[in-house]
Amino acid sequence: MITINSKFYTTLLLFVLSLTYVSGQASYNNCSDALELCPGVSQTANNIDANSTLCANCEDDFSYCFDGENTVWFTFITDDDGGDVNVDFSNITFENLPGQGSALQATILEATVPCVSSSYSVVSNCENNSAGNFTLSATGLNPETTYYIVVNGEMGATDNAEATFEIEINGCLLYTSPSPRDRG
């Protein structure tokens with residue numbers, strides 16, 4: 001007869017779950033879970049262990065200046081006047097594992113249907129293969145509109161680049177959800 005030590009298995013389960021939490025993908029790995037950016041607030045983010053959701057019209061089924069292969073997603077909403085934004089990426093630290101790329105790729109998208117790639121339009125510069133600090137700029141954005149920032153690592157010999165970075169959005173006409181029409 002086998003005796004099960006419940007305390008041992010409970011401890012083992014908690015240990016395994018903690019490893020998954022620590023080394024798992026960022027919660028903003030999917031478009032539907034995009035991390036909302038606050039104007040003027042620098043946030044630390046990463047694309048470590050990010051993957052893609054590929055199928056016809058799925059969120060990562062695009063090819064602008066890069067393919068969505070290990071993407072992370074951010075979002076913001078413009079105010080009732082619309083306007084210009086800059087998204088700054090700084091303090092980029094790459095994982096530098098054998099075979100990995102060593103640059104990030106990013107752009108700002110407008111999606112008339114959230115997270116459906118056939119509805120995307122690129123509204124900023126398309127940053128491709130940036131190994132250092134860079135800025136995405138978008139001008140004349142529509143009022144009361146949700147936009148997405150998608151970040152991807154360039155492909156190396158065998159794997160996409162993975163990095164930790166600071167991201168900050170600035171513009172005179174931004175605020176966080178809910179939008180003005182939802183505030184009453």
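This is a predicted model: local features need pLDDT of at least 70, side-chain atom pairs count only at pLDDT 80 or more; totals for chains, interfaces and linings use all residues.
Reader: How many disulfides does a search of the whole structure find, and what pattern do they follow along the chain?
Author: The search of the whole structure finds 3 disulfides, among them the one that joins C31 to C115. With bonded cysteines counted along the chain, the pattern is 1-5, 2-3, 4-6.

Reader: Is the disulfide of C55 and C58 left-handed or right-handed?
Author: C55 and C58 are joined with an S to S distance of 1.6 Å; C55 counts as partly exposed at 39% relative accessibility, while C58 is buried at 15%. The torsion about their S-S bond is about 45 degrees, so the disulfide is right-handed.

Reader: Are C65 and C126 buried or partly exposed?
Author: C65 and C126 form a disulfide with their sulfur atoms 2.0 Å apart, and C65 lies in the loop between β2 (43–46) and β3, with C126 in the loop between β6 and β7. The relative accessibility is 22% for C65 and 30% for C126. As buried means under 20% relative accessible area, C65 and C126 count as partly exposed.

Reader: Which arrangement, stacked or edge-to-face, describes the rings of F62 and F66?
Author: The structure holds 10 aromatic pairs, and ring pairs link F62, Y64, F66, W73, Y120 and Y148 into a cluster. For F62 and F66, the ring centres are 5.7 Å apart and the planes stand at 80 degrees. Planes over 60 degrees apart count as edge-to-face, so the pair of F62 and F66 is edge-to-face.

Reader: Which strands does the pair of F76 and Y147 tie together?
Author: The ring centres of F76 and Y147 are 5.5 Å apart with the planes at 20 degrees, so the pair is stacked. F76 is buried with a relative accessible area of 2%, and Y147 is buried with 1%. The two residues are 71 residues apart in sequence, and the strands that hold them are β3 (residues 72–78) and β9 (residues 146–153).

Reader: How many bridges join β9 to β3, and how many join β9 to β5?
Author: In β9, 7 of the 8 residues are buried, so the strand is largely enclosed by the rest of the structure. F74 stands opposite I149 in β9, and A106 stands opposite V151 in β9. β3 and β9 run antiparallel and are joined by 6 bridges, while β5 (residues 104–111) and β9 run antiparallel and are joined by 7 bridges.

Reader: With which side chain does that of N86 make a polar contact of 2.7 Å?
Author: N86 is found in strand β4 (residues 83–94) and is partly exposed, with a relative accessible area of 33%. Residues touched by N86 include T135, L136, E168 and N170. The polar contact of 2.7 Å joins the side chain of N86 to that of S137.

Reader: Which side chain is in polar contact with that of S130?
Author: S130 is found in strand β7 (residues 127–130) and is buried, with a relative accessible area of 7%. The polar contact spans 2.5 Å, and the partner of S130 is E127.

Methods:
Residues are numbered from 1 along each chain as its sequence is written. Side-chain values use heavy atoms; hydrogens and water are left out. Rings of Phe, Tyr and Trp (its six-membered ring) pair if their centres lie within 6.5 Å; planes under 30 degrees apart count as stacked, over 60 as edge-to-face and the rest as tilted. Helices (H or I, at least four residues) and strands (E, at least two) are DSSP runs, numbered from the N terminus. Buried means under 20% relative accessible area, exposed over 50%, partly exposed in between (1.4 Å probe, protein chains only). Two strands pair if DSSP finds at least two bridges between them. Contact means heavy atoms within 4.5 Å. A polar contact is a pair of N or O atoms within 3.5 Å; within protein, one must be able to donate a hydrogen and the other to accept it, and residues adjacent in sequence count only if both atoms are side-chain atoms. A disulfide is a pair of cysteine sulfur atoms within 2.5 Å. Lists of a residue's contacts leave out its neighbours within four places in sequence.
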